[in-house]
Amino acid sequence: MNEILIAALVVGGIGAICAVMLIAASKFFAVKEDETVGRLRECLPGANCGACGYAGCDGYAKALAEGGVKTNLCTPGADATAKQLAEILGVEAEEVVEQVAVIHCYGDCNHTAKKMEYEGIESCAAAKTLYGGAGLCSFGCIGLGDCVSVCPNQAICIENGMAHIDTRLCIGCGLCAKTCPRGIIELMADVERVLVTCNSRDKGAVARKACSNACMGCKKCEKSCPSGAIKVVDNLAVIDYELCDNCGSCAKVCPVGCILVSDFSGIHRYEVEKEPIAKEN
Amino acid sequence: METLKGFIIILMTSVLVNNYVLSRFLGICPFLGVSKKLNQATGMGAAVIFVMLMATAATWPIQTYLLDRFEIGYLRTIVFILVIAALVQLVEIVLKKYLPALHASLGIYLPLITTNCAVLGVTINNINDGYNFAESMVNSLGAGLGFLLAMVLFAGVRSRLESANPPKSFEGLPITLVSAAIVALSFFGFAGLVEGLFA
């Protein structure tokens, strides 16, 4: 009996001492955490996409609480989040430039073809290291879906051999743009935009051989543009959106049809019942 | 001089000959879990050294002055687990308050180590081997260094494995376990090292 008692007392005693020590320590050594961080964090969407430039939503909330950081950096949260954040911090709300990701390529299976059968790791980054991927075009979408796997909102799908972005679901975080090994995905202001759906810097004839949707660098668009916004650089039409007024004249004259006029004006977030943007001409 | 010799022998034994991970197979969980990247592996190793020393400093007196005195040595395991767990928590709280930088680098590993069997193993082995307090501390330091060594070595092996192309059925954990076994095999080469140290 006595042995059991001693054993129980010793273990119980050590346990009790440890408990008291831990309670005392948590009281005495308590670190005061800024309450605003928690409140700011609640306003953020929690996608941890990194569009704000910080390591996740926690990082952004902490940076906001420390001050000197703009409240409009959260593109997925858009204006509503910026307003809430500004309210908590007591500063004036700034408008968020909503963005969507767009793909500068339309080389699906109808337009381009494979130069080889690729049997390897199902990743664009890996495929790119092997003779520049399986496709004929060494600038366009590889179509193995690196962007699909990073998208936090399942806005991207691979269809007919290339990636498509559903701009209704896109939250504009830009993770896909960072991931794409070809760099064909770009973030664009969320309004009606003219878009060059090609990334090929090959010379006209070479590019056309690889893909029937390829920009040949014929400069027709350059001549037709009334505001001088579209220029052919390295055999590829590039639009300067500072100058572009979305008249669409370049799209009309393009003999290939690789310039599209698309409407991205806010539909990706608010009017989900609308049809997804058709990129087809 | 004799004590110093004894310390060196204990240290070499616990680092190389009886490496806690690669020869005694204790603490395999963090060894496989956190060895993917070198900086994480070294962080974990440093945390383990720290906790092993703290745990030994706390458990050796408890064994000697409490358990032995009341002749309840059979309670060693449960008491040590209790003390180590509480101790690590305490250390974490104190670190958070006074050394936030160290807490940020060790912080995520400390709770992981709480129930690490290598830590419990080293404290129990200290008692079983009949070490005195100083010898126990040296043994714990050696065990921690050995853990760090194993982690760093294996992080190197793993970074090579990343780019290897094993058969499909071996991908991931299986090939990691196989390579861990080969690394452990290489540590057999240290057997007999200590006997010749001062010969």
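## Helices α1 and α8 of chain B

In this predicted model, the crossing of α1(B) and α8(B) is right-handed. Helix α1 covers residues 2–17 of chain B and helix α8 covers residues 133–163, and the two pack at an angle of about 30 degrees with their axes 7 Å apart. On the side of α1(B), the residues that make the contact are Gly6(B), Phe7(B), Ile10(B), Leu11(B), Thr13(B), Ser14(B) and Val15(B), while those on the side of α8(B) include Glu135(B), Val138(B), Leu141(B), Gly142(B) and Leu149(B). Sorted by class, this contact has 9 nonpolar, 6 polar and 1 charged residues.

How far apart are the end C-alpha atoms of helix α4 of chain B, and what span should its 23 residues have? Helix α4 runs over residues 76–98, and at 1.5 Å a residue it should span 33 Å; because the end C-alpha atoms are 32 Å apart, the two values agree. Several residues of α4(B) are buried, among them Val79(B), Phe80(B), Ile84(B), Leu87(B), Val91(B) and Leu95(B).

The axes of α4(B) and of helix α7, which covers residues 117–128 of chain B, come within 10 Å and cross at roughly 130 degrees. An angle over 145 degrees would count as roughly antiparallel and one of 65 to 115 degrees as roughly perpendicular, so α4(B) is oblique to α7(B). The crossing of these two helices, α4(B) and α7(B), is right-handed. Arg76(B), Phe80(B), Ile81(B) and Ile84(B) of α4(B) make the contact with Val119(B), Leu120(B), Thr123(B), Ile124(B) and Ile127(B) of α7(B), and the residues involved divide into 7 nonpolar, 1 polar and 1 charged. Phe80(B) and Ile84(B), which take part in this contact, are also among the buried residues of α4(B).

Chain B has 9 helices and 0 strands, and 34% of its 199 residues count as buried. When contacts in chain B between residues at least 6 apart in sequence are considered, 79% of them join residues at least 24 apart. Chain A, by contrast, has 11 helices and 8 strands, and 36% of its 281 residues count as buried. For chain A, 57% of the contacts between residues at least 6 apart in sequence join residues at least 24 apart.

Where the chains meet, 13 residues come from chain A and 15 residues from chain B. The side of chain A that touches chain B is made up of 11 nonpolar, 2 polar and no charged residues.

Lys219(A) lies in the loop between α8 (204–210) and α9 (220–224) of chain A, and its phi is near 70 degrees, a positive value in a residue other than glycine. Asp234(A), placed in the loop between β6 (230–233) and β7 (236–239) of chain A, likewise has a positive phi, of about 50 degrees, although it is not a glycine. Is each of these residues buried or exposed? Lys219(A) is partly exposed because 13 other C-beta atoms lie within 10 Å, whereas Asp234(A) has 10 C-beta neighbours inside 10 Å and therefore counts as exposed.

Gly257(A) is found in the loop between α10 (249–253) and β8 (259–262) of chain A, and with 13 C-beta neighbours inside 10 Å it counts as partly exposed. Although Gly257(A) and Cys215(A) are 42 residues apart in sequence, their C-alpha atoms are 8.5 Å apart in space.

Methods:
Residues are numbered from 1 along each chain as its sequence is written. Chains are lettered from A and ligands numbered from 1 in the order in which they are written. This is a predicted model: local features need pLDDT of at least 70, side-chain atom pairs count only at pLDDT 80 or more; totals for chains, interfaces and linings use all residues. Two residues are in contact if their C-beta atoms, placed from the backbone, lie within 7 Å. Ala, Val, Leu, Ile, Met, Phe, Trp, Tyr, Cys and Pro count as nonpolar, Asp, Glu, Lys and Arg as charged, and the others, Gly among them, as polar. Helices (H or I, at least four residues) and strands (E, at least two) are DSSP runs, numbered from the N terminus. A residue is buried if 20 or more other C-beta atoms lie within 10 Å of its own, exposed if 12 or fewer, and partly exposed in between; C-beta atoms are placed from the backbone. The expected span of a helix is 1.5 Å times one less than its number of residues. Axes are lines fitted to C-alpha atoms, for helices over the stretch in contact, and angles run from 0 to 180 degrees between N-to-C directions. Angles under 35 degrees count as roughly parallel, over 145 as roughly antiparallel, 65 to 115 as roughly perpendicular and the rest as oblique. A crossing is left-handed if the near helix is turned anticlockwise from the far one by less than a right angle, and right-handed if clockwise.
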